[in-house]
Amino acid sequence: MRNPLISTAAVGLTLLLSRPLLAQDPTGGATPPAAPPAGASAAAVAPVLRVHPDPVYPPDALRERVSGTVGLEIVVDETGHVVDAKVVQAAGHGFDEAAVAAVKAWTFEPARQNDAPIRAAIQLALPFEPPLASPPPAQAATPGPAAHPTGPAPAIQKNIETTLVLGRKPISAASSSAVRDRDFALRPIGSVQDILRVTPGLVMVQHSGGGKANQYFLRGFDADHGTDVALSIDGIPINMVSHAHGQGFSDTNFIIPETVERVEVSKGTYFANQGDFATAGAVNLVTRKSFEHSSVGLGFGGSPGHGSPSYRGLFIASPKWDKADAMFAAEVGRQDGPFDNPEGWDRYKLFNKITLALSPTSSMTFGESSYSGNWHGSGQIPARAVEQGLISKFGSIDPSEGGNTARHQLFMGYKLRPSENSELNAQAYAGTYRFNLFSNFTLYQGNPGAGDEIEQVDRRTFYGGAVSYRVLHEVGGIRFDTTIGSQLRSDDIHEELWHAVQRLQTDQLRGNGVHETLLGAYVNEEITPAAWLRANVGGRADFLGFAVDNKLATTDPANPKSGIDGAHQFSPKASLAVTPLDRKNAQLDVYVNWGHGFHSNDVRGVFANPSVTPLTRAVGEEVGARTRLWDRFDFGAAGWLLDLDSETTWGGDDGTTNVGPATKRYGLEFETRYEFTPWLAADGAVTFTHSQFSTDNANGGGLALAPKQTWSGGLSARRELGPGVGRVGLRFYGIGDRPASDDGVLVAPGFTQFDAHVGYRHRWFDIAFDVENLFNGGYRSAQFDTVSRLRGEPGIGQSLPAGASCGSKGRLASNPTSGAMDGHFWGCEDVDFTPAYPITLRVMATLFLD
Amino acid sequence: MNTTRIVATVCALCVSLALGCNTSDPTSAVLSNDYPNASDSSPADSVVVYKGWWAVAQFPDPVAPGQVSDPVRVVQGADYGYALLAPGWDPASWTAPERLIPIRSAQKLSVARGDTLNFAISDATTLGNCAGGKPLDQQDSDFITQRIFPQEFAGLDYDASQCTVVPTAEGAGGAGGTPVTAGGAPGQAGSP
């Protein structure tokens, strides 16, 4: 059955926005060229669309309300008929086949050169969007199964996706990808961290209480809370510079997961538009413009035998306005987790966004998001404390750990197409942020009486913006895609570090005002001399200016002084993409990438002793390939190398600077996906990484906590079932054993976690059932090599009693001054950890209101 | 949009959220000083609990006779409770106690998840107060003075049989390095 969902207006506009490529086939042969030859004439006139039957919306996709945009390259002959059509940017879910079938029935006023009709190739983007309006009255009157299987009636599409049609394919790297919501909807999604797991090779673990940022592992980095992974939402940075707890701290808890439409992943240092923190990679979460339905959702969950149920409430309003897309989303939730010390993680979130269509070629977006949360943490507990039976693995040594945080931000964006071949994007944002974290890492080592609890305080306002201009042009048959842009970010920060006892501040260790502004400008030139060859050259220049105001009188040399300074870096980039194979059932792209990048360091460390450099350069290289066979099998492989000038971080937990030497990392990544049937697919990814200090400290350059292997994958199915669509996903992800200490003696054991998801979507409701840690694995999540003292262990500096030990996996710490084992007790060096959640069940029911 | 549907759904949501709010109460502990009030006896006989400790909970503030400490968060478990008695000390004074007596609960104290543990301190429930006729053995008192409250007994040797202290022969702390002081813990790699 045909569903002419793509309106005449929509198709016309899409073509208007596409970039025509004119080409004459000198042979006039019956077989059109696979790609337009170079040398188009400036006197040529593009084909004009005359008859354009609408594509059939794939029934499964319609029922499931999924959308997509198919990139097509079509050849129009001298009579105006489409004689060839191929997909250059697949959308899956039957969209590709539907688009090809539709455009083959289109007719054009043929392209002309010197008034003579000629054969021509054009590229266009064909968007599929499910109707935004309610079902037709006849169906609306009888809601439920009667409305199906045909789905809602066709509707006029209001807002056309106006992304520029690129060259044949966007140049990228073999390790870069974009994942849409229809894919991560097949996974257990309880938070935005679950969405981020779609990134091949990115492993995240829960860490010391749900309200705290997760731990990220990518490309050999234990990126702590984000130091070497650039995270953003709609281009707005999530990483916090010079954060009280750690440089690049990235708390994604403020995001409502349902608002995320797709995840854009780029690994490495090869992308000119990626700046601070994009050394291991960058992940940008792109939010929706609107929802198909307003809805309310309610979720419950928990771990049987551990604690009490968690709950989550969600309300989404997505009014249907003529010239605007809008959504208003609110989430509340509470979670205790499996811990003996209930987390009591209360959270409140808002996300509101309106996109106004100012004209057919311009739009403006206004938005706001708010988040507030507080929680109790169980900290990172020493393995020996569990081994000795002092606490359970879900126990706590200092139950007063935890904290509270809030983030509120405003943003606006403007998008304009000055011409059919150009695009202007501008964005501005501003926000406030609050963070109080109580932690106790060393327990009773420093203060055997009251304990070593610290409080980290971060208050800041941040603001910034970005602007980019992109233009496509052609010179001598060579196509150029030029982008220039600039990004600005500024943070005004007040931060403190305190000793505390049961959340009461005792004495202040640090107190700083920090102002930090980072300005970056970049240019990127993508050159396509032939359809099988694309080159990319570009670079960016970044300027960092900062001032630190030390508000605390202290003689501690590690305490940062006041000062003003700056730094800059130029980061060249270059890439090459070759397509040696381009047939209907077999495509192969080979990529070579090279580029410089950087992460900034906590600028307080610049004025501390020893001092750190404000910007750390990273140089990356990568060779890889992607292939698609039989239109159902995808495979990508990449070998990469990354040199980092220094592993310098601000140790927010103890208020000192840690200056590390240069490091080198290299690795291999493989990912694949196979569609057994249109409704059943499997995917997998595995990475192998070697990480080391460039200097061999008699231990082979051992680098603690660097992940060596990661893996992920699963099976996913989505199929029409009765009046709705059922979906099933079985996922796994894991990380291998890795050294916890530089000398490799202490080991952080790896794990593999299996998750399952079952869902069913009906016109009026959706229900999802998730099982996390399906096999109830009792493994550790975040892990750190930490020197600490339990209350009952010998006093620091006391003579070692006979038989003193630090458990089966830990070891006695050496004298911190001499570095020697001197027969006295200086604490236990042990792997402290946060346990993984045991098997956790969660159900989320959503009712659609319109 | 069907108004009835919306109202019904929002009501259902509110009810569900209200039910969902009934999540775990934290486990907690209090320390109660069950020695007689100072008003009931001479000030010199008043026994203040200077500090207390149970499993993962510390009671850092003095508790006067007959008083109960503020609750602190703990996790379920079973362990002995430890405390320091300060006989004749006035908590309102700005001086440190002249004499501290380490004591231990006579039995292990346990608490279940969500409950409140009461660490009751009196001669009947604890061992270690020589005046009560229940001294600790030296090994137990050494554990308290050297592991649980080492700061209070730094440089001192405690005689459990007499409940007295004498300066230690070798002095406070160990040789061969600088003892770590509060706030001066050696740095940890990274910032977990």
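Start with helix α3 of chain A, residues 95-103. Its buried residues are Phe95(A), Asp96(A), Ala98(A), Ala99(A), Ala102(A) and Val103(A). Buried means that 20 or more other C-beta atoms lie within 10 Å of the residue's own; exposed means 12 or fewer, partly exposed is in between, and C-beta atoms are placed from the backbone. Look down the axis of α3(A): the buried residues fall within an arc of 165°, so they line one face of the helix. The arc is taken over the directions from the helix axis to the C-beta atoms. An α-helix has 3.6 residues a turn, so residues three or four places apart point the same way. Helices (H or I, at least four residues) and strands (E, at least two) are DSSP runs, numbered from the N terminus.

This is a predicted model: local features need pLDDT of at least 70, side-chain atom pairs count only at pLDDT 80 or more, and totals for chains, interfaces and linings use all residues. Residues are numbered from 1 along each chain as its sequence is written, while chains are lettered from A and ligands numbered from 1 in the order in which they are written.

**Chain A, whole**

Select chain A. Its secondary structure has seven helices and 48 strands. Of its 850 residues, 53% are buried. Take the contacts between residues at least 6 apart in sequence: 68% of them join residues at least 24 apart. A contact needs two C-beta atoms, placed from the backbone, within 7 Å.

Most residues other than glycine have a negative phi, and most peptide bonds are trans. Go to Asn609(A) and Pro610(A): a cis peptide bond joins them, with omega about 5°. Pro610(A) sits in the loop between β32 (586-600) and β33 (615-629) of chain A.

Next, pick Phe277(A). Its phi is positive, near 75°, and it is not a glycine. The loop here runs between β16 (260-267) and β17 (281-287) of chain A. Phe277(A) counts as buried because it has 27 C-beta neighbours inside 10 Å.

**Chain B, whole**

Switch to chain B. It has two helices and twelve strands. Of its 192 residues, 38% are buried. Its average pLDDT is 79, and 72% of the residues score at least 70. pLDDT is the predictor's confidence in each residue, from 0 to 100. Colour residues 171-192 of chain B: pLDDT is below 50 there, and the stretch has 73 contacts in the model beyond near neighbours in sequence. For the complex, the predictor gives an ipTM of 0.74 and a pTM of 0.80.

**The five-stranded sheet**

Select β3, β2, β6, β7 and β10 of chain B. In that order they form an open sheet of five strands with antiparallel pairing. Two strands pair if DSSP finds at least two bridges between them. β3 (57-59) and β10 (126-127) of chain B are at the edges, each with a single partner strand, so one side of each has no neighbour in the sheet.

Now centre on β7(B), residues 101-105. Four of its five residues are buried. It pairs with β6(B) over four bridges and with β10(B) over two. What is the bridge partner of Arg104(B) in β10(B)? It is Leu127(B). Ser105(B) has Thr126(B) as its partner in β10(B).

**The three-stranded sheet**

Select β4, β1 and β9 of chain B. This open sheet has that order and mixed pairing. β1(B), residues 28-33, runs parallel to β9(B) over six bridges. Ser28(B) stands opposite Thr116(B).

**The cores**

Show both chains. The largest nonpolar core has 111 residues, and those with the most contacts inside it are Val229(A), Ala57(B), Val74(B) and Leu85(B). A nonpolar core is a set of buried Ala, Val, Leu, Ile, Met, Phe, Trp, Tyr and Cys residues joined through C-beta atoms within 7 Å. β2(B) gives the largest share, six residues. Another core, of 30 residues, lies apart from it and includes Tyr57(A), Val66(A), Val103(A) and Ile122(A).

Zoom in on Val74(B). Among the residues it touches are Pro399(A), Ala55(B), Ala57(B) and Leu117(B). Finish at Ala55(B), in the loop between β2 and β3 of chain B. Its phi is positive, about 55°, although it is not a glycine. Ala55(B) is buried, with 27 other C-beta atoms within 10 Å.
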